[in-house]
Every structure is written in structure tokens, then in C-alpha cells.
Amino acid sequence: MAKSEKDTAAAQGARNGKRLRSGMLRAFVGQEGADVVAPAPPLPVKEIFKEFWPYMRPYRRYLVGLLLLLLLLPLLDGARLYMIKVTVDEVLIPGDLDPFLWIAPIVLGVTILSGAFGYLQSYLVSWVGGRFLLALRTRFFSHLQNLSLSFFEQRSLGDILARLTGDVAAIEAFVVSGLVAAASSVAQLVIFGGALIFLDWRLFIFILVVGPLFAGLVRVLSRLIKRASRETRRRTGAMTAFAEEALGNQSLVQGYNRQKLEIDRFHRENVGQFEAQMLSARARSLFAPATDLIQAVSGLVVLGVGAVAVKNGDLSVGALLVTIAFLQRLYGPMRTLARLYNVIYAASAGAERVIEYLREVPAVTDSRDAKPIGRARGKVEFEDVEFAYPGSDEKALDGISFRADPGQTVALVGHSGAGKSTIARLMLRFHDPIAGHVRIDGVDLKDITVSSLRDNMALLLQETLMFDGTIRENIAYGRPAATDEEIVAAAEAADAHEFIDELEGGYDAEVGQRGRRLSGGQRQRVAIARAMIRDAPILILDEPTTGLDAESSHKILEPLRRLMSSHTTIVISHELLTVREADVILVLDHGKIIERGSHDELMARNGAYTRFVRLQVGAREAREAFSGA
Ligand code: ADP
């Protein structure tokens, strides 16, 4: 494929990625949507095969066994067919029943043997195919786990899921089942073709005529099928993407009464997939009648030529019958090969979508001489850090320098979009700065292995992330090796023990998907317990009280303070109480630090921070007046 074509496909992908984020909103406003999911860049079949073959390597031994079976099966089948000739020529025509006594057991034995081998073959194919799929899917999932957060922000979760399930499975049809079926067909063609030459070479000419006819037909149809398959796979991704988004935002959809609009949009995506499928169905349906015609015409020709040969005494009746039987056996593998050609193209459409993501490189990887840092003391340093998000010209951070000694708290305040979360993201090394350094204990993050860095971090985010499981599991997520006593101690320190105790099931109560069965404040206290138990020297808090009502947010302040006192803390907050006690407060604006100092110092300056405080106090007074009324 031309390079420019690839570039355009990639560029289109990027454009669509941007569009995607606003997909829900767009649907909501009722605009006619552009493609929900962009087409993956097309790849030649050979390249796809090279990409996935390594997953087959551990099973090569089984493949060799399979190949042996593939050769044995048509040989046995050939032998059984040959017994027809023997029966006709030795039993039926001479009217002699004696040979039947040895023919029958041979036919029976051969049939039983080929049944056993057939069983073994299909079992092995399923097993090897299943193992291949298992390895590939796990590898794909673990690759996804290492991709940067911006990768996920720019793509639709539903489409990613479609690739992880359907598209990965399509590859198996290609690399394992496809390969085996192709090898088996070729083996049959060679063996039955060879038998034909052995019986009467003249009839073999027939293959030379029918073969190209088949091949021509396949070529014409496969082009159509290839295009249709790409479209089907893409549309399937788009449909799941859309469904995931719409179902995930049910409160918005139902609250604004936009179900009908969502149903219409879903229906449209569904129809798109249906149309793409019909296109390939049309091509595939043409295939059967066309091959029937080729088969009928060539069958008549053979019968005609054969009849003349029998009449002239060149061929026995048994030989003609078995020849026709062998010929019939040739169509099967030819059809299979032709169908495979199409299956392979259909599967390659799925493979292209998987490869597109497999080739996505993680934004952050361990450098070659990165070392594990062990347990850090917790000194954090930013030096002249600059950062811009990929694809954005504007700097999200510009000349950021600050320091937090072990145990200190740095608070970040500023308008939304000022760059506060970006600082937290660089700390966690979700991204690398484009200039400057981020260090812990004096070591640049780039010289530390990513996993040992994150082992030193505990997180508490605005949106409390919960897994569907028990409270105990959700707390222990911070440190899987934690004992029950440690879990209870952490919950107590987080002021969560009391409410957990009152839940039915206590620590074993299920929290539901995303923790739906808990209130916002309860979720946040479980999250604090999770951060407590992690016992990492550095704590990152991103607006831990946002979204909580005054009472709940008051309730978590005390446990938060306890948590912060034992950690070096970077806290992003609008909650004055958490900010006021910080050792250093940084006021950010457009990626720059515009003020820094302690609460008292900054209040004395009467600048941006003072305005922030007034806003917060005003808001709180308003809240209190409101709740007191
Ligand atoms: P804050 O946390 O102070 O609200 P952020 O650090 O989230 O601000 O954002 C800083 C700037 O970076 C903003 O201009 C925002 O639009 C941009 N930004 C944030 N996240 C992304 C992202 N994933 N991709 C592109 N730009 C982003």
C-alpha cells in the first residue's frame, strides 16, 4: 500500500479520535454523526501472518502432528474409494461374491481408522486454536494495560472491547483454523489428483481446465468480500462503542428523555453493519451456484470422455466410477480453498484492527538503565518542567519548579484548566515532561522503573474508582498482601469502620459496579483506607472532596488529615481546610506558578490566592446559610 494512503488513514484515525470524545454530546444535540470508529489502516495478508505467527510457536509440535493427520486422512479416504473399483471390477461384474469377504473388513477397518484420525484432527485444531486465542488475547489485554491514559481518552471503550473480543477471535480463523484447512485441502488435492493420474492421466487434464476457472471466480468475489468485511468489522466496533456510551450514560439519557434519539442512533449504526454484512453475503451467495455450474459442466465432460473410453475398452467400469468419485473429491478442497481465500480476507479485516492497537507504543516506558528505587523517603522535586499534551500546541505546564521535603504537603490551587492535574499526572509518570526534570529523592523519574515509582505512590482521586467486589477487596487493592487486621486498622483510620460494620456483610459486603451501593462520602472513605493501607511515602490527592455535600466532605477531612500527616502530599483542592495547612501553596494559572507561599504569606499579599479564599469562604457561607434556612 502506498505510504500516503497509510498516512491519510492514520490522520483520519487521529481526527476521529478527537471527534469521538464529543460523540455522546453530538448525539445528544442531535447532529448527524460522523463515523464513530475510524477504519484501521489496511495491511497485506503476508504481514498480518508474520505478526501473529510467533503466537503459534509454542504449538509447532502439535502442528506437525496435525500435518501428519492431514496427509493420512485423504490417503485413507482414497483407499476406501479405491475399494469401490475393486468391488465393481472383482465382485459385481464377474458376479463373484468371494472377494467381498476380504473387501468388507478392509473397508470397515479403513473407515474406523479414518474416523479416529478425523476425531483427533478436529480436536487438535480446536485445542491449538483455543490456546493461540488465549495467548493472543491475554497479550493484547496486557499491551492495552500499558498504553498511556491519553490513548484511552481518545478512543471509545466499546470499540476497544470489540477488538478485544470479536476481532481477536477472527485472527484465529485466519492463523490456525485457516492454515490447517488450507494445508488439508492442498493435501487432498495432491493425493486425489495423484490418484487420478495413476488411474488415467487423460482425465487429469480436466483439473487443468477446472482449476483456473475456480481461481478466476474466487479472485473476482474475494475483492468484494474483502471490502465488505472491513466495513463489517468497523461497523461492529462502532456499534459497541455507541452502545457502551449510551448505556453508560443512562442517567443523562433518561433524565433528558432522549431515549428515542439514542435508539435511532443505535439503529442507524446497526443498519450500517447490516448493509455491510449483506454486501459480503451477496458475494458469498453467488459463489455456490457459480461453482455448481462449473462442477456440473466438468462432470458431464468427464462422463462423456469416460463413456467413450469404456466403450473402446480402454477403461473398466469400476475405474470410471472411481475416477468420478475421485473427481467429486477434488471439488471439496477446491471449494474450501476458495472459501478460505475469502475467510482469510474477512479475518484480516479484524486482524488489521488488532494490529493497529498492538503497534501503539506506550507513551512512557522504562529506559534501558532504569533502576527500581525501592522505598523512597519521599522528597519530590519539579525543576523547570514544561509539558504539552500530544497534539496540542499549548503548553499545559510552563517552567514549573517546586520542592516538597519528606512529609511536607504542597497544595495546588487555580482555575480549572490551570494545569493542576497535569502536575499530578507527571508525578505518576503518565506522561514525561518535554523539558525539565521531575525527581523523587533526587533521582529523575526517567531513571526509575515505572512500576517501582508507582509502588511509592498512593492516590486519591476526585472520582472514586471502585471495582465490583467486596469492601475488603477494594481496600486491599492498595496492597494485595494486607492482612485482615491491617484492613480493619486502615478502615478505622479512615473513619470507615463504623459504617462498614453496619453494612449487611460488613467487610464482605459487595459494593456493586463502580461502588454504586455506597454513598459518595462512603466511597471516598473506603478510598482513603485504600490509600492508608498502601503505606507509600508519596500521596497524590486530586480534589478528594469534590462532588461531596458539605457534611460528607467534612466527615472525610479528619481522616484525610491523618493520611496527609504521614505522607509527602501533593494535594489539588478547592476545599480551603485542606489547603490552608499545606507547607507550600502554589497558585497556578495557564500552566505557570503565579504565587507561592504559606497561607498566611499569601493572604498578606492580597493577590490571586486571597481572591480564591474569598470565593471559597463566600461559597461556604452561602452553603451554610442555605442549609440553616
Ligand atoms: P486542572 O487540573 O488545573 O483543571 P489540567 O491539568 O487538567 O488542569 O489541564 C491543563 C491543560 O491541559 C488544560 O488546558 C487542558 O485543556 C489540557 N489538557 C488536560 N488533559 C488533557 C488531555 N488528556 N489531552 C489534551 N489536553 C489536555
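Figure 1. An oxygen atom of the ligand sits 2.4 Å from an N or O atom in the side chain of Thr422. Ser421 brings a polar side-chain atom to 2.6 Å from an oxygen atom of the ligand. Gly419 takes part through its backbone: a polar atom there is 2.9 Å from an oxygen atom of the ligand. A polar contact here is a pair of N or O atoms within 3.5 Å; within protein, one must be able to donate a hydrogen and the other to accept it, and residues adjacent in sequence count only if both atoms are side-chain atoms. On its own, the ligand has 560 Å² of accessible area, and the protein covers 66% of it. Accessible areas come from the Shrake-Rupley method with a 1.4 Å probe; for residues, only the protein chains shown count as cover. This is a predicted model, in which local features need pLDDT of at least 70, side-chain atom pairs count only at pLDDT 80 or more, and totals for chains, interfaces and linings use all residues. Residues are numbered from 1 along each chain as its sequence is written, and side-chain values use heavy atoms, with hydrogens and water left out.

**Figure 2. The shell around the ligand.** The residues around the ligand are Glu153, Tyr389, Ala396, His415, Ser416, Gly417, Ala418, Gly419, Lys420, Ser421, Thr422 and Arg425. By type, the shell divides into 3 nonpolar, 6 polar and 3 charged residues. In this scheme Ala, Val, Leu, Ile, Met, Phe, Trp, Tyr, Cys and Pro count as nonpolar, Asp, Glu, Lys and Arg as charged, and the others, Gly among them, as polar. Helix 12 (residues 420–427) gives the most to the shell, with 4 residues. Helices (H or I, at least four residues) and strands (E, at least two) are DSSP runs, numbered from the N terminus.

**Figure 3. Helix 12 and the residue that follows.** Helix 12 is largely enclosed by the rest of the structure, because 7 of its 8 residues are buried. Buried means under 20% relative accessible area, exposed over 50%, and partly exposed in between (1.4 Å probe, protein chains only). The buried residues are Lys420, Thr422, Ile423, Ala424, Arg425, Leu426 and Met427. Just after helix 12 comes Arg429, with a positive phi of about 60°. Arg429 lies in the loop between helix 12 and strand 4 (435–440). Arg429 is buried too, at a relative accessible area of 3%.

**Figure 4. A positive phi at His590.** Most residues other than glycine have a negative phi. His590 is not a glycine, yet its phi is positive, at about 45°. The residue sits in the loop between strand 9 (584–589) and strand 10 (592–597). His590 counts as exposed, at 60% relative accessibility.

**Figure 5. Arg359 and its contacts.** Arg359 is in the loop between helix 11 (317–358) and strand 1 (380–387). Its relative accessible area is 42%, so Arg359 is partly exposed. Leaving aside neighbours within four places in sequence, Arg359 is in contact (heavy atoms within 4.5 Å) with Leu43, Glu47 and Glu51. Ser229 is 130 residues from Arg359 along the chain, and their C-alpha atoms are separated by 22 Å.

Figure 6. Gly109 is in helix 5 (residues 100–146). It is partly exposed, with a relative accessible area of 35%. Arg80 and Gly109 are 29 residues apart along the chain, with 9.6 Å between their C-alpha atoms. Val305 belongs to helix 10 (residues 259–311). At 46% relative accessibility, Val305 counts as partly exposed. Val305 and Ala181 are 124 residues apart in sequence, and 32 Å apart in space, C-alpha to C-alpha.

**Figure 7. The chain behind the close-ups.** The protein chain holds 21 helices and 10 strands. Its C-alpha atoms fill a box of roughly 120 × 50 × 50 Å along the principal axes. Of its 629 residues, 45% count as buried. The chain exposes about 31800 Å², with 58% supplied by carbon and sulfur atoms. Among contacts with a separation of 6 or more, residues 24 or more positions apart account for 78%.

Note on methods:
Near = heavy atom within 4 Å.
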